[in-house]
Amino acid sequence: MSGMLISLEGIDGSGKSTQADRLLNHLRAAGHTVTRVREPGSTGLSEAIRGMLLEHTDLNLSDRAEAMLFSAARAQLVDEVILPALSRSEVIICDRFSDSTIAYQGYGRELPLEQISNTQELVTRGLVPSVSILFDLSVADSLARRAESDDDRMEAAGAAFLERVRNGYLALAAKDAQRWLVVDATGSIEHISGEIIAHVESRIERP
Ligand code: ADP
Ligand code: TYD
């Protein structure tokens, strides 16, 4: 199968959406067919699950139920959008993918890491991004960037939780340096964009 899956990862407010837009515009201008998705979401079912996960604070979700719901949203996205697009040799930019569940539910909620990782193989049918970009940001900076907006259910989990998530991401990236590009998310939007585009250009086939 050709096509390319690129995932953007990092704690909340680290600049993923901003850079997803820029990468999308750049790749389209270069002639690639690109689909951009966000997680949880981007299918009817996955957006409905997103509402349960982020907006409904009255459901009293258990940590395991939370992990399974993020995973269910992803399984649907893989089958309905990502695999069909890859089979048409398209580029997919994913604002979060399986590593989010390993970082947030594994490292953050402290669910058994191996079990969470193994579940992702079923969820994604073994699909792993060709390139994953980690937007590394301190928890203090993340909280400062989001000071003006209301917290969703996950964002309300607190600083110690986010610290575990950040360290979890750094551990994941260190284990697979070939797949990950770690960017300093405090750099300027222009600088980060240049870094990401250069990296993706070095890995992607010409359209
Ligand atoms: P995410 O998708 O990771 O939550 P966003 O792209 O929505 O992050 O960015 C969160 C906030 O930080 C936005 O207000 C955005 O304008 C700002 N921002 C994004 N990138 C940078 C950057 N490199 N430096 C400073 N602020 C940034
Ligand atoms: P979103 O608004 O997309 O956050 P951001 O702008 O930071 O990317 O909300 C997604 C939230 O859900 C975010 O707090 C991370 C969390 N999340 C998990 O805990 N596990 C997951 O598997 C995924 C995909 C997201």
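Which element gives the most to the lining of the second largest pocket? The structure is a predicted model, in which local features need pLDDT of at least 70 and side-chain atom pairs count only at pLDDT 80 or more, whereas totals for chains, interfaces and linings use all residues. Residues are numbered from 1 along each chain as its sequence is written, and side-chain values use heavy atoms, with hydrogens and water left out.

The element in question is α5, which contributes 6 residues to the lining of the second largest pocket; helices are DSSP runs of H or I with at least four residues, and strands are runs of E with at least two, numbered from the N terminus. A pocket is an open set of points on a 1 Å grid over the protein atoms alone, where a 1.4 Å probe fits, with protein on both sides within 12 Å along at least five of seven lines, and its lining residues have an atom within 4 Å of a point.

The largest pocket is lined by 31 residues, with D12, K16, S17, D95 and R96 nearest its centre, and this is the space taken by ligand 1, a molecule being assigned to a pocket if more than half of its atoms lie within 2 Å of the grid points. Among the residues around ligand 1 are G13, K16, R145 and I192, where a residue counts as near if one of its heavy atoms lies within 4 Å. The largest share of this shell, 3 residues, comes from α1.

Polar contacts are pairs of N or O atoms within 3.5 Å. An oxygen atom of ligand 1 lies 2.5 Å from a polar side-chain atom of S17, and an oxygen atom of the ligand is 3.0 Å from a polar backbone atom of G15.

Definitions and conventions. Chains lettered and ligands numbered in written order. Polar contact = N/O pair within 3.5 Å; in protein donor to acceptor, adjacent residues only side chain to side chain.
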